[in-house]
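Please look over the sequence and the model below before reading on. The text then walks through them one element at a time.

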Amino acid sequence: MSGEVEFWFDFASTYSYVAALRVEAVAGKVGARVLWRPFLLGPIFTEQQGIKDSPFNVNPVRGRYMWRDLERLCAKHGLPWRKPTVFPRNSVLAARVALAGAEEPWGPAFVRAVFSANFAWDQDISARAVMEEALTQVGADAPAVLERAESPENKLRLREQTTRASQLGIFGAPNFIVKGELFFGQDRMEDALEFLMGPR
């Protein structure tokens, strides 16, 4: 491995979907290891911007642009896409499970499965049954993982992870952190990895 890239994401984030399905392949081209960092945008939006909704809902003009932009991006990268009937969906349970599995072999595949459930298949990722299906799909012991994910210790870890995100200067998603530098947006993924590799 030639270095590490921290990938900070929220399952309710549209652009995090595109990034999550691309990041391992892009990082793999330069031999970088991806560190998966689930967190919750809701508390950050409330704390930093005083809003309790997605900025894309708060600003409908921006929202219309985002939906069309997502269609184009998914077509460009060959990703399945279906506009969710509910946006944003509650991502707390999904984030807890992803955090519990962040160091597990099935962790990355679980993240991709949940993002696909939300943005390719329009499924309710706040539903326990959807989490069970995603975990089973990636070969994890769904009941055991869900029990661990919903433990008081893991719930606290997610709150701490979200606080850490705010302390790092994160204000949206997705984000890539390399060598202490923050790169915001799925379109900055390649820039982050270029920075990681240093001057040629």
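The paragraphs that follow take up a strand with its partners and then a helix.

This is a predicted model, in which local features need pLDDT of at least 70 and side-chain atom pairs count only at pLDDT 80 or more, while totals for chains, interfaces and linings use all residues. Residues are numbered from 1 along each chain as its sequence is written, and side-chain values use heavy atoms, with hydrogens and water left out.

Strand β1 covers residues 3–9, and because five of its seven residues are buried, the strand is largely enclosed by the rest of the structure; buried here means under 20% relative accessible area with a 1.4 Å probe, protein chains only. Strands (E, at least two residues) and helices (H or I, at least four) are DSSP runs, numbered from the N terminus. Two strands count as paired if DSSP finds at least two bridges between them, and β1 pairs with strand β2, residues 32–38, in the parallel sense over seven bridges. The chain passes from β1 to β2 by way of helix α1, residues 14–29, in a β-α-β crossover that is right-handed, which is to say that the path from the first strand over the helix to the second runs clockwise when the strands point away from the viewer.

Helix α4 spans residues 60–77, and its buried residues include W67 and L70. Just after α4, G78 takes a positive phi of about 70°.

Methods
Buried < 20%, exposed > 50% of the residue type's maximum accessible area, 1.4 Å probe, protein only. Expected span 1.5 Å × (residues − 1).
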